[in-house]
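Take a moment with the sequence and the model.

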Amino acid sequence: MYKRIRDLREDKDLTQQSMANFLRISQTTYSRYENGNLDVPSVVLIKLADFHKVSIDFILDQTDNPKRCTGKNE
């Protein structure tokens, strides 16, 4: 999961600080998420999934398919 969070951020050429600002947390806390030194709260997982437009399962490395299921007729 931690590598996915980092890869998603780096794919958009974003800094840890910019992600921390978006999440309204410190850069240190965000860095600890990416390094696996701190568990990512579910509310943060939801915000990350929404921001990157991927599923939470993708972030959690449960699937390689980033597509989100919206529950709507797709």
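Is the crossing of α2 and α4 left-handed or right-handed? The crossing of α2 and α4 is right-handed. The term has a definition: a crossing is left-handed if the near helix is turned anticlockwise from the far one by less than a right angle, and right-handed if clockwise. Helices here are DSSP runs (H or I, at least four residues), numbered from the N terminus.

Some ground rules come next. This is a predicted model, where local features need pLDDT of at least 70, side-chain atom pairs count only at pLDDT 80 or more, and totals for chains, interfaces and linings use all residues. Residues are numbered from 1 along each chain as its sequence is written, and side-chain values use heavy atoms, with hydrogens and water left out.

Stay with the pair α2 and α4. Two packed helices are described by the angle between their axes and the distance between the axes. Helix α2 spans residues 16–23, and helix α4 spans residues 42–52. They pack at an angle of about 115°, and their axes are 11 Å apart. That makes α2 roughly perpendicular to α4. Angles under 35 degrees count as roughly parallel, over 145 as roughly antiparallel, 65 to 115 as roughly perpendicular and the rest as oblique. The axes are lines fitted to C-alpha atoms, for helices over the stretch in contact, and angles run from 0 to 180 degrees between N-to-C directions.

Which residues make the contact? From α2 come Met19, Phe22 and Leu23. From α4 come Val44, Lys47, Leu48, Phe51 and His52. Contact means heavy atoms within 4.5 Å. By class, the contact of α2 with α4 has six nonpolar residues, one polar and one charged. Ala, Val, Leu, Ile, Met, Phe, Trp, Tyr, Cys and Pro count as nonpolar, Asp, Glu, Lys and Arg as charged, and the others, Gly among them, as polar.

Now look at α4 by itself. Its buried residues (under 20% relative accessible area) are Val44, Leu45, Leu48, Ala49 and His52. They cover an arc of only 135° around the axis, which puts them on the same side of α4. The arc is that of the directions from the helix axis to the C-beta atoms. An α-helix has 3.6 residues a turn, so residues three or four places apart point the same way. What covers the buried residues of α4? The cover includes α1 (2–11), α2, α3 (27–35) and α5 (56–59). Lys53 follows α4, and its phi is positive, near 60°.

Move to α1 and α3. Their axes come within 6 Å and cross at roughly 120°. The two helices are therefore oblique to each other. Tyr2, Ile5, Arg6 and Arg9 in α1 meet Tyr30, Tyr33 and Glu34 in α3. The residues of this contact divide into four nonpolar, no polar and three charged.

Helix α3 has its own buried residues: Tyr30, Ser31, Tyr33 and Glu34. Seen down the axis of α3, they fall within an arc of 155°, so they line one face of the helix. Their cover includes α1, α2 and α4. Just after α3, Gly36 takes a positive phi of about 75°.

Not counting residues up to four places away in sequence, Arg4 touches Phe58, Ile59, Asp61, Thr63 and Asp64.

Next comes the loop between α1 and α2. Asp13 is found there. Asp13 is exposed (over 50%, with partly exposed in between exposed and buried; 1.4 Å probe, protein chains only), with a relative accessible area of 73%. Its phi is positive, about 55°, although Asp13 is not a glycine. Leu14 lies in the loop too. Leu14 is partly exposed, at 25% relative accessible area. Leaving aside its neighbours within four places in sequence, Leu14 is in contact with Arg9, Met19 and Phe51. Thr15 also has its place in this loop. Thr15 is partly exposed, with a relative accessible area of 46%. The C-alpha atoms of Thr15 and Gln27 are separated by 9.2 Å, and the two residues are twelve residues apart along the chain.

One more loop remains, between α2 and α3, where Arg24 is found. Arg24 counts as exposed, at 77% relative accessibility. Arg24 is not a glycine, yet it has a positive phi of about 60°.
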